[in-house]
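Good morning, and thank you for making time for this presentation. Please look at the sequence and the structure on the screen while I go through a few local features.

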Amino acid sequence: MTYIHEQDSWPNLHWSDERLVEPLAAVRHRQGRLIGHMEALGFPLREEAVLRTLTEDVLKSSEIEGEVLDREQVRSSIARRLGMDVVGLVESDRNVEGVVEMMLDATQNFAQPLTADRLFGWHAALFPAGRSGMSRITVGAWRASEGDPMQVVSGPVGREHVHYEAPKAARLKAEMERFLHWFETAKADPVLKAGVAHLWFVTIHPFDDGNGRIARAIADLALARAEGTSQRFYSMSAQIRAERKAYYDQLESAQKGDLNITLWLLWFIACLDRAFDGAETILASVLRKARFWEVLTGQSLNDRQRKVINRLLDGFEGKLTNAKWAALTKTSPDTALRDINDLVSRGILVKEAGGGRSTSYSLCEPHCFG
């Protein structure tokens, strides 16, 4: 098997402008309209949309690699770092803080040059304990020759399937210097640059672990440059997570193909277009939340009730029960039931089908109690 980095003309990646011009123009138009629409919102709504988007970006980029982070910790870490006045913040673990730190540096400081030292900082933030799972890894530096061959493998021991084998460690310094020079100097459309950079970086695979998350952060940085704003209103990582199998299939196909990466870029552009659908979903949710609290203006609610209502409006996973209310608010079941019954009596919550311990509750639409 020959990989693209083994070909004589590597890394002269190329593509068909003729095949890309129409989908690229369409996605750039939609990108501009989305940014314009979001920036026309009032500051509180825009801030809420950014917080939701960045939370999804961090969560889903980690999920692609099989790591599940705590949503509330991620949201709290982002809010604190951006100075947002958000109710109900919680403490965050070191690994959560590291992922958030990397993503925010990529998107908030998008105008700063991408350098080896900056990438080392991102990598160190991802692995603060110097380990990936139980294994000690090289952190904040290119992987060492002891790890050769660096392979992407799936399947049980003895029947492994090698999806990809990266360049040897001895090549990494020169490979990364060439990549970083291209990233800062190439005169390519920024959306195309995001797609090319993503593939190029994961093909070099310069770190012991975290290459996928860093590649997606680099793509986010390029997209932020394309828009000229640090405010993120859509999550490419969330869309890639939804299409994870296709994502890995496309990467593997491109890395085992020739240096013409048109098919990869067509998929990347189409995936970005579908990510904009997610942004519209977030916008609708943010507007619903704003409308909900507008209708509740003048209602006397305690802090526990406000906290849980916000959780429900932000997309509560599963069903809200008395036990979950007590756990969320760190209070007794009796207090939780009083809070719930008060909201039910006012028509803010409605009791769903079932009874006893299985009784669950959901929010009414504002017109039901407004």
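This is a predicted model: local features need pLDDT of at least 70, side-chain atom pairs count only at pLDDT 80 or more; totals for chains, interfaces and linings use all residues.

Let me begin with Pro149, which sits in the loop between β2 (135-136) and β3 (151-154). The bond that joins Asp148 and Pro149 is a cis peptide bond, with omega about -5°. There is a cis bond from Trp10 to Pro11 as well, and there omega is near 5°. Pro11 belongs to the segment before α1. As a reminder, most peptide bonds are trans, and most residues other than glycine have a negative phi.

That brings me to the backbone at His205 and Lys330. His205 has a phi near 55°, a positive value in a residue other than glycine. For Lys330, too, phi is positive and near 55°. His205 is located in the loop between α7 (190-204) and α8 (211-227), while Lys330 is placed in the loop between α13 (322-329) and α14 (333-345). Which of these is buried, and which exposed? His205 has a relative accessible area of 14%, so it counts as buried. Lys330 reaches 73% and is therefore exposed.

I return now to Trp10. Its side chain makes a polar contact with the side chain of Glu175, at 3.0 Å. Glu175 is part of helix α6, residues 172-185. With a relative accessible area of 4%, Glu175 is buried. If we leave aside the neighbours within four places in sequence, Glu175 is in contact with Trp10 and Ile204.

Next, helix α4, residues 94-108. Its 15 residues, at 1.5 Å a residue, should span 21 Å, and the end C-alpha atoms are 20 Å apart, so the two values agree. The buried residues of α4 include Val96, Val99, Val100, Met103 and Leu104, and Glu97 is also among them. What covers these buried residues? The cover includes α2 (43-64), α3 (71-81), α5 (116-126) and α8.

I turn to the charged pairs. How many salt bridges does the structure hold? The number is 31. One of them is formed by the side chains of Arg30 and Glu280, at 3.2 Å from N to O. Arg30 lies in helix α1 and Glu280 in helix α11 (residues 262-295), so this pair ties together parts that are 250 residues apart in sequence. Glu280 is partly exposed, at 44% relative accessibility.

Helix α11 also carries Lys289. The side chains of Glu48 and Lys289 meet in a salt bridge, again given from N to O, at 3.2 Å. Because Glu48 is in helix α2 and Lys289 in helix α11, the pair ties together parts that are 241 residues apart in sequence. Both Glu48 and Lys289 are buried. Lys289 forms a salt bridge with Asp314 too, the closest N and O atoms being 3.0 Å apart. Asp314 lies in the loop between α12 (303-313) and β5 (320-321), so its pairing with Lys289 in helix α11 ties together parts that are 25 residues apart in sequence. At 22% relative accessibility, Asp314 counts as partly exposed, whereas Lys289, at 8%, is buried. Salt bridges that share partners join Glu48, Arg52, Arg75, Lys289 and Asp314 into one network.

Arg33 is exposed, at 60% relative accessibility. Its C-alpha atom is separated by 48 Å from that of Pro333, 300 residues apart along the chain.

Note on methods:
Residues are numbered from 1 along each chain as its sequence is written. Side-chain values use heavy atoms; hydrogens and water are left out. Helices (H or I, at least four residues) and strands (E, at least two) are DSSP runs, numbered from the N terminus. Buried means under 20% relative accessible area, exposed over 50%, partly exposed in between (1.4 Å probe, protein chains only). A polar contact is a pair of N or O atoms within 3.5 Å; within protein, one must be able to donate a hydrogen and the other to accept it, and residues adjacent in sequence count only if both atoms are side-chain atoms. Contact means heavy atoms within 4.5 Å. The expected span of a helix is 1.5 Å times one less than its number of residues. A salt bridge is a side-chain nitrogen of Lys or Arg within 4 Å of a carboxyl oxygen of Asp or Glu.
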